[in-house]
Amino acid sequence: MKKNGFTLVELLVVIIILGLLMAIAVPSAMSLAGKVKGKAYDTKIELIEKAAQTFGQANKGYVRQGTDLNNSNNHATCKLNIQNKKVTNISFNTGKTYSENATLGNEEYWCLRVTVQDLVNSNDLDYDEKNLCNGKCSEAQKADYDNVVVNPKTSGVINKCYVYIYYKYNRVYTWYDKESCDKQSDTPKLGSEYRKL
């Protein structure tokens, strides 16, 4: 070090060291942030499925018969696709006629399909963000954008994403349709996540 300051070589060494530290730290921080968001999303799904289970227990009669909550003449079944002892996909089949003696296929059960919004409406789940419109939305947009449940990974709205509730071995089970929900839409669409205004 000179009397009046640093030499050019000393400054270059410091800049190179800082650059190396940044090259190491920034990717690690980005990776950590991604992991945290992924864990938050998994926790959100668990919370939604737990809310759906509570909803299913309260509406067990509907679940056991696959009765549509809006039309008691409509019934539905869920055909589970299971791999490695985990449900990987569900085929939702409507227009069934319920009977106690009905023969259902292998891994097919009477079930309900609800949205995340239905779980909020039943007070089994709460919104993540409320009153977002604050005068910026039309009346038509308020229903979809004012109060929302959010995917912590993408910040997209998941109010219209599906959750399946089925009755198997005298117990209520739930499954959040992550695959369909993760297909983002620019506008609110049933089954999909959509962007906030």
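Biologist: How many residues does the largest nonpolar core have?

Modeller: This is a predicted model. Among the residues with the most contacts inside its largest nonpolar core are I48, V116 and L119. V163, I165 and Y176 also belong to that group. The core has 22 residues.

Biologist: Which element gives the most to this core?

Modeller: The elements giving two or more residues include strands β3 (108-115), β4 (162-168) and β5 (171-176). Helices α1 (8-58) and α3 (116-121) are also among them. With 6 residues, the top contributor is α1.

Biologist: Which residues does L119 touch, leaving out those up to four places away in sequence?

Modeller: L119 is one of the core residues with the most contacts. Its partners include V114, D124, L125 and V163.

Biologist: How many residues apart in sequence are the parts tied together by Y98 and W110?

Modeller: The two rings form an edge-to-face pair, 5.0 Å centre to centre with 65° between the planes. Y98 lies in the loop between β2 and β3, while W110 lies in strand β3. The pair therefore ties together parts whose separation in sequence is 12 residues.

Biologist: Is W110 buried or exposed?

Modeller: Buried means under 20% relative accessible area. W110 has 9% relative accessibility. So W110 counts as buried.

Biologist: Which kind of pair do the rings of Y166 and Y173 form?

Modeller: Their centres are 5.7 Å apart and their planes are at 15°. Planes under 30 degrees apart count as stacked. So the pair is stacked.

Biologist: Which ring does the charged end of R113 sit over?

Modeller: The distance from the charged end of R113 to the ring centre is 4.1 Å. The ring's residue also belongs to an aromatic cluster with F92, Y164 and W175. The ring is that of Y162.

Key. Residues numbered from 1 in each chain as written. Predicted model: local features only at pLDDT ≥ 70, side-chain atom pairs only at ≥ 80, totals over all residues. Heavy atoms only, no water. Core = buried A, V, L, I, M, F, W, Y, C linked by side-chain atoms within 4.5 Å. Buried < 20%, exposed > 50% of the residue type's maximum accessible area, 1.4 Å probe, protein only. Helix = DSSP H or I, 4+ residues; strand = E, 2+ residues; numbered from the N terminus. Contact = heavy atoms within 4.5 Å. Phe/Tyr/Trp six-rings, centres within 6.5 Å; stacked < 30°, edge-to-face > 60°. Lys NZ or Arg CZ within 6 Å of the ring centre and 35° of its normal.
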